[in-house]
Amino acid sequence: MHGEYKVPGGKLVAVDVDVVEERLSGARLSGDFFLEPDAALDDINGALDGAPVTASADDLAAAITRSLRPGASLVGFTPEAVGIAVRRALGHATSWSDHTFDVIHGGPMHPAMHVALDQVIPEEVAAGRRGPTMRIWEWDAPLVVIGSFQSVRNEVDTEALERHGMSVVRRISGGGAMFMEAGNCITYSLVVPESLVEGLSFERSYAFLDDWVLGALAEVGVRARYVPLNDIASDQGKIGGAAQKRFASGVVLHHVTMSYDIDADKMLDVLRIGREKLSDKGIRSANKRVDPMRSQTGLSREAIIDSFLDHFRGRYRTQESDYRAAELDRAEELVHSKFLAPEWTYRVP
């Protein structure tokens, strides 16, 4: 059996392995990585031989680490990367190429509907009624979307919110607040089976699932990088942030919001960005935290989205799709029963 894993920002790791009586046998590691000394390759192969097929990526990584001789140096890959490649060889973990992604870029709707769809689409993927999905948000009303565990009182100035005709909705994923006006940012949601990030820590899964958009940003002239835990930044400053939700059904929701042309003064009027958070970023003004793509690219929002979609389609196997009537009906129901209900919005006052 053969499995491969491309380390984000690193090298390709490939493992060929047999299974004899539910244990790994004849493991052969290869790739374009660097490894010193050469004999450390035998250490890694030897650590894999005899391991049970039920061993997790972390278990395999621990065995490799214990077996490496003193002074061994792995460049461009890690023991965890080898473990993931093994899990893929055994069919427990999947790669991007194992899936066909539904791509949805529908018309504008209330942003609360998109928050609800971030619950509905994972339900559909888990039930097998829809494949892995990448969708771009389009919305027609201003909104502040706060993280699942944020305090409304601490994050939002409700008087300023009312003054600007905005409302607040709590999403199902963690992370920070999103200040959303029509056309001011680019948001996408990616719904994938957990097998795609099997063996990855939460932090590594963010970098792994954000890797494609770094390539897409480069194509529109933005030199971006992933900043742990969940930020995307360029040399000019932060561009956006990601959030995740892992469901017991074995599905992962990963969504990213990137600034395009945000009204920083209005954002600062509405959001209570604390001094501690600013000092943690090493800056004096919250205005410096956002560097819109419009100023860096000179492109329209529509042109950037088109380029992103072209990049995604060119990188992975995709098929065009749209929201189904049943999905929209379910989302509409959740908007009223949950996402606009005070019990959910103010569950952390």
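In this predicted model, eight residues of domain 1 are in contact (heavy atoms within 4.5 Å) with eight residues of domain 2. Local features are given at pLDDT of at least 70 and side-chain atom pairs at pLDDT 80 or more, while totals for chains, interfaces and linings use all residues. Residues are numbered from 1 along each chain as its sequence is written, and side-chain values use heavy atoms, with hydrogens and water left out.

The bounds of the two domains come from an automatic or database domain assignment: domain 1 covers 2–90 and domain 2 covers 96–346. Their C-alpha centres are 34 Å apart. Together the domains bury about 680 Å², where buried area is the accessible area (1.4 Å probe) that two parts lose on being put together, summed over both. Carbon and sulfur atoms account for 51% of this area. On the side of domain 1, P8, I84 and R88 supply 47% of the area buried against domain 2, more than any other three residues.

Charged groups also meet across this interface. The rule for a salt bridge (a side-chain nitrogen of Lys or Arg within 4 Å of a carboxyl oxygen of Asp or Glu) finds two between domain 1 and domain 2. R87 and E198 form a salt bridge in which the closest N and O atoms are 3.0 Å apart.

Which helices each supply at least two residues of the side of domain 1 that touches domain 2? They are α2 (57–67) and α3 (79–89), helices being DSSP runs (H or I, at least four residues) numbered from the N terminus. The most comes from α3, with four residues.
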